[in-house]
Amino acid sequence: MTLPGSPFLAYRGPDLFLDEVRLSDLVRQHGSPLYVYSRRAMLAALAPYQHALSGRAHLVCYAVKANSNLAVLQTFAQAGCGFDIVSSGELARVLAAGGDPSKVIFSGVGKTRAEMREAIEAGVRCFNVESTAEMEVLSEVAASLQSKARVSLRVNPDVDAGTHPYISTGLKGNKFGIAHELAVETYRRAATLPGIEVVGIDCHIGSQITEVSPYLDALDRVLDLVEAIEAAGVPIHHMDLGGGLGITYTDETPPTADELIGRLLERIDARGHGQRELVFEPGRSLVGNAGVLLTEVLFLKPGEQKSFCVVDAGMNDLMRPALYEAYMGIVNTHQGDTTAQVWDVVGPVCESGDWLGRDRALAVQAGDVLAVLSAGAYGMTMASNYNTRGRAAELMVDGHQVWVIRERETVTDLFKLEHRLPA
Ligand SMILES: *Cc1c(COP(=O)(O)O)cnc(C)c1O
């Protein structure tokens with residue numbers, strides 16, 4: 001049986017392995033539900049980015065929000081990555097994981113003054129600024145620290161990334177970025193502000209993008225702007241082309257990172273911008289197919305219209321299906337001799353939106369361990385405690401090695417910050 005996504009995930013005989021580890025064994029030892037990531041798979045996903053950009057001034061900034069476990073950040077820090085963060089919480093994680101603040105880019109549409117201050121004090125490389133109002137506040141904060149904030153403006157190129165509306169960010173109606181028409185004027189203003197030093201330009205058009213063409217369209221719009229901004233007397237050092245490269249969840253065929261970057265470099269060179277430093281902010285494409293969510297089958301509930309396979313992981317553990325109606329592959333970690341039937345795989349949470357997969361042909365029995373595939377990105381980072389459910393444990397594997405990188409939350413963890421009213 002072929003599985004989408006990762007060459008590190010494969011059946012050996014009847015059992016599913018991630019790297020050199022039999023997945024069903026992990027649930028026996030560490031309980032369920034359980035996130036498991038492969039360090040080798042993450043590094044293998046990073047390699048084509050680094051390879052395609054070698055010989056050029058560049059920085060690959062891993063987008064922390066895709067999977068922010070300290071061990072994941074440490075893995076990318078040791079591989080030379082910078083980080084794309086969207087909060088001071090993510091900054092603290094990067095620093096705790098040994099990341100280099102001078103390789104950190106601070107994105108996001110709603111930074112607070114306190115977050116700006118912390119980031120300036122930590123010495124981040126650049127703020128991706130998303131509005132004039134934010135830029136004015138950032139200038140004030142930096143000036144009050146006798147400092148200057150290095151800034152890229154995130155421009156909104158108004159291109160359709162062809163992805164789900166909730167993860168499309170480069171269209172006019174989105175809350176993100178500065179409108180194309182206002183960009184030159186905003187750069188002129190930036191150059192006059194006492195606490196701002198302009199260093200680059202940034203765009204990020206969406207997530208789970210499976211074609212090259214929206215990137216090329218956005219690149220052309222950004223290059224037009226770079227030329228106009230420099231003609232207006234404001235030099236632009238680096239170009240940040242964002243993240244967003246899609247992965248294979250089922251039958252998508254996104255370009256590889258080499259392919260995408262190769263096509264972008266061709267266009268950049270053809271337009272005479274080959275000397276410019278390039279920044280990318282990939283998240284999902286570095287971690288998505290490096291992880292699975294393991295979950296035990298509690299009960300089978302056959303019915304006339306629908307048959308339900310009730311598992312012990314729910315929308316609180318993995319929100320993508322409930323939030324985006326996202327398709328995620330689901331397979332049994334042990335192929336027995338039961339025959340396949342069609343099931344809706346659902347969790348225990350009291351919501352009809354609590355499903356992980358619909359109409360899936362699965363040979364399954366109570367007690368089996370299922371693997372939800374491609375769960376390394378936007379899985380654990382979106383998990384909640386809804387229904388007072390502790391979040392899953394996380395493991396990292398590398399070869400035969402297995403490390404617990406986050407322990408399972410206990411119920412007392414969940415209410416330890418709460419207080420009863422006085423008697
Ligand atoms: C979410 C995000 C990314 C990463 O997107 P992926 O689709 O996971 O690659 C990069 N940059 C910014 C600004 C983001 O918000």
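This is a predicted model: local features need pLDDT of at least 70, side-chain atom pairs count only at pLDDT 80 or more; totals for chains, interfaces and linings use all residues.
An oxygen atom of the ligand lies 2.8 Å from a polar backbone atom of Gly-244, a polar contact being a pair of N or O atoms within 3.5 Å. Taken alone, the ligand exposes 390 Å², and the protein buries 94% of that; these accessible areas come from the Shrake-Rupley method with a 1.4 Å probe.

Residues are numbered from 1 along each chain as its sequence is written, and side-chain values use heavy atoms, with hydrogens and water left out.

Two further contacts deserve mention. A backbone N or O atom of Gly-283 is 2.9 Å from an oxygen atom of the ligand. A nitrogen atom of the ligand, in turn, has a polar side-chain atom of Asp-84 at 3.4 Å.

Which residues come nearest to the ligand? Of the 14 around it, they are Lys-65, Ser-207, Glu-281, Arg-284 and Tyr-378, where "near" requires a heavy atom within 4 Å. By class, this shell has three nonpolar, six polar and five charged residues; Asp, Glu, Lys and Arg count as charged, Ala, Val, Leu, Ile, Met, Phe, Trp, Tyr, Cys and Pro as nonpolar, and the others, Gly among them, as polar.

Finally, I turn to a sheet. Three strands form an open, antiparallel sheet in the order E1-E2-E3, strands being DSSP runs of E with at least two residues that pair if DSSP finds at least two bridges between them. Strand E2, residues 15–18, pairs with E3 over two bridges, and Leu-18 has Val-21 in E3 as its bridge partner.

How values were computed: A polar contact is a pair of N or O atoms within 3.5 Å; within protein, one must be able to donate a hydrogen and the other to accept it, and residues adjacent in sequence count only if both atoms are side-chain atoms. Helices (H or I, at least four residues) and strands (E, at least two) are DSSP runs, numbered from the N terminus.
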